[in-house]
Amino acid sequence: MQILVVDDEASIRELLSFNLKKNGYSVETAADGREALAKAAGMDLVLLDIMLPEVDGLEVCRRLKADPQTSGIPIIMLTAKAEEIDRVLGLELGADDYVVKPFSMRELLARVKAVLRRFAKDSQNEKGREETLKIGGLRLDFSSYQAWLHDEPIALTPKEYELLKLLVTNPGRAFTRDELLERIWGYEYYGDTRTVDVHIRHLRAKLKGDENISKAIETVRGIGYRFARRTA
């Protein structure tokens with residue numbers, strides 16, 4: 001497994017590199033956002049600091065998740081900022097986990113293992129599935145992370161895509177907000193669950209071209225959400 005460590009502080013890069021290598025990972029490093037974007041392709045995981053020169057970490061995250069070549073690479077954000085707005089913004093842009101400095105190395109390594117394990121499991125599950133899924137006017141391509149509504153491409157963020165995919169591949173099943181956070185973001189999110197509601201609202205808006213599909217994303221009062229297949 002190859003991990004890219006992105007931090008503008010040399011001491012942090014050295015500390016993370018040493019401990020990751022000691023645990024069997026191959027490590028590349030980058031000191032700024034431009035270098036991170038140049039080195040990210042082919043990595044199995046990116047540890048990404050938010051406060052970076054050249055291009056900040058949030059913008060790096062956005063670009064990596066928007067690029068089909070790197071969109072499937074999991075990202076763990078590292079930051080000295082603990083404010084909720086920074087945490088939510090990082091997750092909205094597609095980050096898969098979030099660790100606030102100072103952190104224990106044991107905690108960070110546990111997060112790295114958990115994210116890599118989840119992505120490996122998802123990849124294994126995909127091998128036994130069809131490459132595409134069509135429900136009414138909605139079509140999802142699992143290999144390219146793309147979606148279409150009546151043959152028109154839908155501009156979904158990585159998290160919106162994953163949320164939609166989870167719901168439509170489990171029709172009729174109700175997911176709690178906490179479960180959706182854990183399944184989509186890959187860990188238990190210790191904030192409020194408004195980010196799920198925001199993503200659901202965005203999904204419904206982007207699917208409004210087909211009322212059957214948008215209304216099939218149902219709110220289950222007091223629980224969360226489910227996809228009720230209403231189309232032929």
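Predicted model: local features only at pLDDT ≥ 70, side-chain atom pairs only at ≥ 80, totals over all residues.
1. The core. The largest nonpolar core has 28 residues. Those that touch the most other members are L138, L140, L164, L207, I217 and F227. At least two residues of this core come from each of strand 7 (138-141), strand 8 (146-149), helix 6 (158-168), helix 7 (177-185), helix 8 (194-206), helix 9 (211-216) and strand 12 (224-227). Helix 6 gives the largest share, six residues.

2. What does L140 touch, once its neighbours within four places in sequence are left aside? The contacts are E131, T132, L133, Q146, A147, Y161, L164, K165 and V168.

3. Helix 8, its length. Helix 8 is made of 13 residues. From the first C-alpha to the last it reaches 18 Å, close to the 18 Å expected at 1.5 Å a residue.

4. Which residues of helix 8 are buried? They are T195, V196, H199, I200 and L203. Viewed down the axis of helix 8, the buried residues fall within an arc of 135°, so they line one face of the helix. The face turned away from that buried side carries the exposed residues R194 and R201.

5. Three strands form an open sheet in the order 10-12-11, and their pairing is antiparallel. Strand 10 (175-176) and strand 11 (217-220) are the edge strands, each pairing on one side only. Between strand 11 and strand 12 there are four bridges, in the antiparallel sense. V220 has G224 of strand 12 as its bridge partner.

6. Helices across this sheet. Helix 6 lies across strand 10, strand 11 and strand 12, and runs at about 65° to strand 12. Helix 8 lies across strand 11 and strand 12, and runs at about 150° to strand 11.

7. Strands 7 and 8. Strand 7 and strand 8 are paired in the antiparallel sense over four bridges. R139 has W148 of strand 8 as its bridge partner. The hairpin of these strands has four residues between them, and Y145 takes a positive phi near 60°.

8. Strands 8 and 9. Strand 8 also pairs with strand 9 (residues 152-153), in the antiparallel sense and over two bridges. L149 has E152 of strand 9 as its bridge partner. These two strands form a hairpin with two residues between them, and H150 in the turn has a positive phi of about 50°.

Key
Residues numbered from 1 in each chain as written. Heavy atoms only, no water. Core = buried A, V, L, I, M, F, W, Y, C linked by side-chain atoms within 4.5 Å. Buried < 20%, exposed > 50% of the residue type's maximum accessible area, 1.4 Å probe, protein only. Contact = heavy atoms within 4.5 Å. Expected span 1.5 Å × (residues − 1). Arc of directions from axis to C-beta. Pairing = 2+ DSSP bridges. Axes fitted to C-alpha atoms, helices over the stretch in contact; angles between N-to-C directions.
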